[in-house]
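Subject: Structure handover

Hello,

Here is the structure for you to look through. My notes follow below it.

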Amino acid sequence: MTESLTIRRPDDWHLHLRDGAMMETVLPETARHFGRAIIMPNLVPPVVTAADAAAYRDRIMAALPEGQAFEPLMTLYMTETTDPQDVRRAAESGLVKAVKLYPAGATTNSASGVRDFDKVRGVLEMMAEIGLPMCVHGEVTTPDVDIFDREAVFIETVLDPLRRNTPGLRVVMEHVTTADGVNYVKSQEDMGGTITTHHLIINRNHILVGGIKPHYYCLPVAKREVHRLALVEAATSGDAHFFLGTDSAPHPDHLKEHACGCAGVFSATNTMSCLAEVFEAEDALDRLEAFASLNGPTFYRLPVSDETITLTKGAPVDYPAKLEGGAGPVTVFDPGFPLHWRVDA
Ligand code: DOR
Ligand code: ZN
């Protein structure tokens with residue numbers, strides 16, 4: 001029986017750090033275990049230009065507690081007026097590692113996203129030319145499509161046509177939540193897919209059965225059990241298409257526990273312990289490193305970490321139920337089972 005597991009330091013390929021007091025509360029939680037993270041640009045206002053990204057990066061570095069080493073990998077928020085030359089400069093200087101595409105209205109702070117994909121053609125072609133990945137929130141926003149079908153419909157009606165029109169474009173389908181998404185990503189070259197910790201653990205019953213659980217509500221919303229099982233199979237298979245993107249997305253409790261609650265699950269604090277349980281249950285602890293530490297850098301063409309972390313199995317680890325802090329309280333993801341794997345970072 002494995003009681004101790006040492007892996008290369010993991011990275012988080014999809015993270016919301018926010019800004020100001022909230023960032024100060026959540027940044028140490030990620031930096032404690034993770035070496036790098038792809039930082040989502042959906043601030044208010046969004047991180048649109050290279051100058052915005054440089055300023056945001058400086059704010060992150062300034063908020064990083066002394067002694068924590070962490071590298072934020074910056075992204076730009078694609079709008080219909082994004083300037084391809086600004087993106088090119090930001091990528092070539094090393095500042096920006098990806099551009100995020102939010103279909104307008106798909107989720108939190110996505111109002112400036114893309115409505116007319118013809119308007120971003122120039123940006124997409126330039127990204128294909130220089131190999132800069134596009135991260136995509138893969139859901140259609142049309143009101144007549146059922147929320148549980150939005151990912152599958154997006155793949156068929158938006159993503160696949162867009163990729164066919166832009167040969168060479170490298171795409172990360174973010175937070176894959178369906179078997180349809182898994183099958184699509186797995187069958188494509190030049191594609192990666194991130195999977196969140198919480199989508200490996202909850203299905204839609206966890207949100208809706210026995211009373212509504214706002215802290216399990218996120219976008220894309222968790223689907224049926226059969227989809228969760230497809231995600232677990234993809235993540236634990238070792239397949240290089242799939243890597244960890246927690247989508248850890250803090251909101252203060254009063255906005256989650258609300259008549260119109262915000263989407264987002266905050267899992268930065270206990271993600272590695274949760275993942276160890278999921279991989280152990282599948283007898284796949286030997287593939288946790290591929291998912292959390294190797295497949296991501298390989299897709300992004302970055303070196304893997306030369307540091308390690310060790311997970312040790314023992315009595316259940318106590319994580320705080322909430323983070324208190326300037327912008328809190330923020331509820332930490334509750335996987336619904338004890339976490340026996342402690343992280344020695
Ligand atoms: O649940 C989510 N929360 N999904 C997203 O796509 C955005 C995120 C947020 O920013 O809160
Ligand atoms: Zn997100």
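First, a definition: buried means under 20% relative accessible area, exposed means over 50%, and partly exposed is in between, with a 1.4 Å probe and protein chains only. This is a predicted model, in which local features need pLDDT of at least 70, side-chain atom pairs count only at pLDDT 80 or more, and totals for chains, interfaces and linings use all residues. Residues are numbered from 1 along each chain as its sequence is written, chains are lettered from A and ligands numbered from 1 in the order in which they are written, and side-chain values use heavy atoms, with hydrogens and water left out.

**The chain overall**

The protein chain holds 11 helices and 13 strands. Both are DSSP runs numbered from the N terminus: helices are H or I with at least four residues, strands are E with at least two. The radius of gyration is 19 Å, close to the 20 Å that the globule rule gives for 345 residues, so the chain is as compact as a globular protein of that length. That radius is taken over C-alpha atoms, and the rule is 2.2 Å times the number of residues to the power 0.38. Along the principal axes, the C-alpha atoms fill a box of roughly 55 × 45 × 40 Å.

Of the 345 residues, 58% count as buried. The chain exposes about 13,600 Å², and carbon and sulfur atoms supply 51% of that. Accessible areas come from the Shrake-Rupley method with a 1.4 Å probe; for residues, only the protein chains shown count as cover. Now the contacts, meaning heavy atoms within 4.5 Å. Among those with a separation of 6 or more, 75% are between residues 24 or more positions apart.

**Ligand 1**

Ligand 1 is surrounded by 14 residues; the closest are Arg18, Asn42, Leu219, His251 and Ala263. A residue is near a molecule if one of its heavy atoms lies within 4 Å of it. By class, this shell has 4 nonpolar, 8 polar and 2 charged residues. Ala, Val, Leu, Ile, Met, Phe, Trp, Tyr, Cys and Pro count as nonpolar; Asp, Glu, Lys and Arg count as charged; the others, Gly among them, count as polar.

Which side chains make polar contacts with ligand 1? Asn42 has a side-chain N or O atom 2.8 Å from an oxygen atom of the ligand. For His137, a polar side-chain atom lies 3.3 Å from a ligand oxygen. For His16, the distance from a side-chain N or O atom to a ligand oxygen is 3.4 Å. Taken alone, ligand 1 exposes 290 Å², and the protein buries 100% of that. A polar contact here is a pair of N or O atoms within 3.5 Å; within protein, one must be able to donate a hydrogen and the other to accept it, and residues adjacent in sequence count only if both atoms are side-chain atoms.

**Backbone points to check**

Most residues other than glycine have a negative phi, and most peptide bonds are trans. Here are some departures.

- Val44 to Pro45 is a cis peptide bond, with omega near -5°. Pro45 lies in the loop between strand 3 (36–39) and helix 2 (50–63).
- Leu219 and Pro220 are also joined by a cis bond, with omega about -10°. Pro220 sits in the loop between helix 7 (204–208) and helix 8 (225–236).
- His175 has a positive phi, near 35°. Its loop runs between strand 7 (171–173) and helix 6 (179–186). At 2% relative accessibility, His175 is buried.
- Arg301 has a positive phi too, near 60°. Its loop runs between helix 11 (288–300) and strand 10 (308–313). Arg301 is exposed, at 59% relative accessibility.

Thr82 is in the loop between strand 4 (71–77) and helix 3 (84–92). Thr82 is buried, at 11%. A polar atom of its side chain lies 2.8 Å from the backbone nitrogen of Thr79. Beyond neighbours within four places in sequence, Thr82 contacts Val48, Tyr77, Val87 and Val123.

Glu29 belongs to helix 1 (residues 20–33). Is Glu29 buried or exposed? Glu29 counts as buried, at 8% relative accessibility. With neighbours within four places set aside, Glu29 contacts Phe266, Ala268, Thr269 and Leu323.

Ile147 is in the loop between strand 6 (134–136) and helix 5 (150–165). Ile147 is partly exposed, at 30%. Setting aside neighbours within four places, its contacts are Glu139, Leu219, Val221 and Lys223.

Best wishes
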